[in-house]
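I went through this chain residue by residue and kept brief notes. The entries follow the order in which I looked things up.

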Amino acid sequence: MNIVKADMTTCKVIYEPFPEEKILGGRAMIDHLLTEYGLPTAHPLSEESIFVAAPGIFAGTNAPSSGRLSVGGKSPLTGGIKEANVGGTAGHMLGRLGINAIMVKGKTTEWKILKITAQGATLDNAGEVKGMNTYDACDKLRKRYGDKIGIILIGPAGEMKMANSSVAVTDPEGRPSRHAARGGVGAIMGAKGLKAIVIDDKGAPLRKGVNQGAFKEAVKAATEAVRTGDYTEALHTLSSHIFMDADNERGSLPTNNWRIGSFEKVENISSSKYAETVKARGGLMGHGCQPGCPIRCSSVYNDESGNFMSSGVEYESVAMLGPNLGIGDLDAIVRIERRCDELGLDTIELGGTIGILNDVGLFEFGDVARANALIDEIANGTSLGKILGNGVSVTASVFGIDRIPAVKRQAIPAHAARSSKGWGVTYATSPQGADHTAGPVLDEPLAKDGQGLRSQGAQILIAGLDATGLCLYTFLFGAPELIVSMINGLYGVNWTAEDFMNFGKNILRQEKDFNLKAGISDKDMLPDWLRKEPLPPTNAVFDVPQEDIDSVWNF
């Protein structure tokens with residue numbers, strides 16, 4: 001396996017072999033490269049900062065749902081280490097090409113495309129693709145490089161180096177609907193002058209195991225576990241929108257800028273309503289966002305005339321752009337989500353940002369036209385747009401708002417900390433900032449005791465999972481022995497479940513250490529208003545003792 005190193009200042013690209021004895025991928029590879037080559041004190045958008053895209057350790061194999069790609073660097077949003085992962089085809093293609101990371105340093109004023117094939121890698125001029133939205137840019141890139149490519153790219157928000165900018169990855173149909181969205185990773189890529197990475201894996205073989213027989217049996221067992229998992233059928237038929245029903249029922253659905261935990265118009269955007277709408281318009285439930293996925297929880301959403309709108313509509317997007325803004329119209333929400341995909345914006349951060357404007361009279365809940373007008377400001381790069389495009393914390397500072405739904409300057413995602421308290425501990429303690437995938441805790445959501453231990457276990461397992469490239473919805477983090485069996489067969493090692501836990505612990509320690517060196521306080525806390533302000537309908541507050549939160553790092 002190799003690391004592709006691109007120096008944007010000199011416009012040179014080299015392949016560097018990666019030691020076979022080091023089993024690193026995804027989030028763990030980002031941590032490794034930032035520890036080895038990154039400068040924690042560097043400005044995230046400076047020449048000294050680095051941008052990393054890394055597939056997981058199972059990339060390019062037939063392990064189930066293992067093609068996720070991790071993207072990261074030093075976040076312009078949080079100021080700390082950042083990894084955001086995404087589905088699509090790029091991770092699997094890179095694995096087949098024998099590439100376990102792309103590391104980009106330096107910067108150029110002439111926008112470039114990094115092209116990677118089985119024959120090598122080159123930097124080409126971006127030309128007319130510069131300034132294009134993600135969908136138009138993908139059309140141009142396919143005309144230039146061919147229909148079978150995988151594409152990693154940024155939209156106008158990333159080009160403008162906005163701290164709320166994502167990195168898009170194409171799905172199996174070539175649509176830039178999958179986004180590594182959190183933490184402003186698009187701005188890191190944009191600061192390098194890199195518009196897109198184009199991957200052509202033609203002629204590259206599927207990766208085989210050192211002990212192929214053992215790997216084959218391990219993959220078979222893991223695939224069966226995923227196929228028969230407790231949530232697989234619901235995710236396949238209703239997508240991640242099952243959380244819309246669950247969060248509304250338990251009072252943890254963000255509504256009207258986190259002032260209510262349930263939404264009076266939820267029936268208009270429920271999982272069943274979503275699925276009915278998709279099917280009635282000739283769309284598709286059970287769409288696969290990446291190769292080799294037995295879950296297929298993605299969907300294809302069409303407009304009233306049957307025209308394609310999006311294949312990346314997830315619960316987090318609908319919740320933050322819908323109930324959190326008081327909007328109960330599915331079409332209106334999906335149109336906003338599509339605009340975010342085109343511009344390259346994190347829907348969670350944007351929903352949080354527009355929501356807080358209600359506090360200063362700049363947005364009324366339910367006003368779809370106003371929400372779109374604010375997105376126009378971002379698209380046009382106006383002064384207001386640049387404020388909003390830099391996220392909820394910057395916007396709150398500019399407008400003097402003290403009730404800020406963010407941790408480490410990153411917007412809280414769509415599971416309320418007050419009525420999902422274990423998740424709240426994860427928001428407080430994760431080195432990544434408030435992140436719903438960093439350590440989900442579903443047990444005992446209203447209990448104040450024991451949440452530190454629950455969050456700790458979840459974060460350790462998820463950190464390891466994020467290094468494998470396996471999708472969170474495989475729920476294989478609950479069966480680490482199945483993951484370890486695949487690792488052992490693929491790499492010819494003898495890991496145990498304890499080794500995998502230690503793997504996850506080391507990832508978290510590296511991230512904590514980087515953040516400390518970057519000047520981020522080691523005091524992990526949620527905003528005070530979450531401890532004081534009851535959230536209807538449960539009227540819960542976040543009352544987990546600080547010592548319980550601090551115990552997360554006792555490992």
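**Entry 1: Ile549**

I looked up Ile549 and found it buried, at a relative accessible area of 0% (buried is under 20% relative accessible area, exposed over 50%, partly exposed in between, with a 1.4 Å probe and protein chains only). The model is predicted, so I note its limits: local features need pLDDT of at least 70, side-chain atom pairs count only at pLDDT 80 or more, and totals for chains, interfaces and linings use all residues. Residues are numbered from 1 along each chain as its sequence is written, and side-chain values use heavy atoms, with hydrogens and water left out.

Ile549 sits in helix α21, residues 546–550 (helices are DSSP runs of H or I, at least four residues, and strands are runs of E, at least two, numbered from the N terminus). I asked which residues Ile549 is in contact with, leaving aside neighbours within four places in sequence. They are Val425, Ala428, Thr429, Asp524, Arg531, Phe542 and Val544 (contact means heavy atoms within 4.5 Å). I also took the C-alpha separation of Ile549 and Gln456, which is 9.3 Å across 93 residues of chain.

I checked the peptide bond from Pro536 to Pro537 and found it cis, with omega near 10°. Pro537 belongs to the loop between α20 (529–532) and α21.

**Entry 2: positive phi**

For reference, most residues other than glycine have a negative phi, and most peptide bonds are trans. I noted Cys11, which is not a glycine, with a positive phi of about 60°. Cys11 lies in the loop between β1 (2–7) and β2 (12–17) and is partly exposed at 36% relative accessibility. Lys161 also has a positive phi, near 60°. I placed Lys161 in the loop between α4 (156–159) and β10 (167–169); at 36% relative accessibility, Lys161 is partly exposed.

**Entry 3: α18**

How many of the 12 residues of α18 are buried? I counted 9, and the helix is mostly covered. Among them are Leu482, Ile483, Val484, Met486 and Ile487. The buried residues of α18 pack against α6 (212–227), α17 (451–468) and α19 (497–517). Gly492 follows α18 and has a positive phi, near 70°.

**Entry 4: α11**

I ran the span check on α11 (residues 330–343): 14 residues should span 20 Å, and the end C-alpha atoms are 20 Å apart. Of the 14 residues, 11 are buried, so α11 is largely enclosed by the rest of the structure. The buried set includes the charged-type names Asp331, Glu337, Arg338 and Asp341.

**Entry 5: the whole chain**

The C-alpha atoms fill a box of roughly 55 × 50 × 50 Å along the principal axes. Of the 555 residues, 63% count as buried. Among contacts between residues at least 6 apart in sequence, 69% join residues at least 24 apart.

Key:
The expected span of a helix is 1.5 Å times one less than its number of residues.
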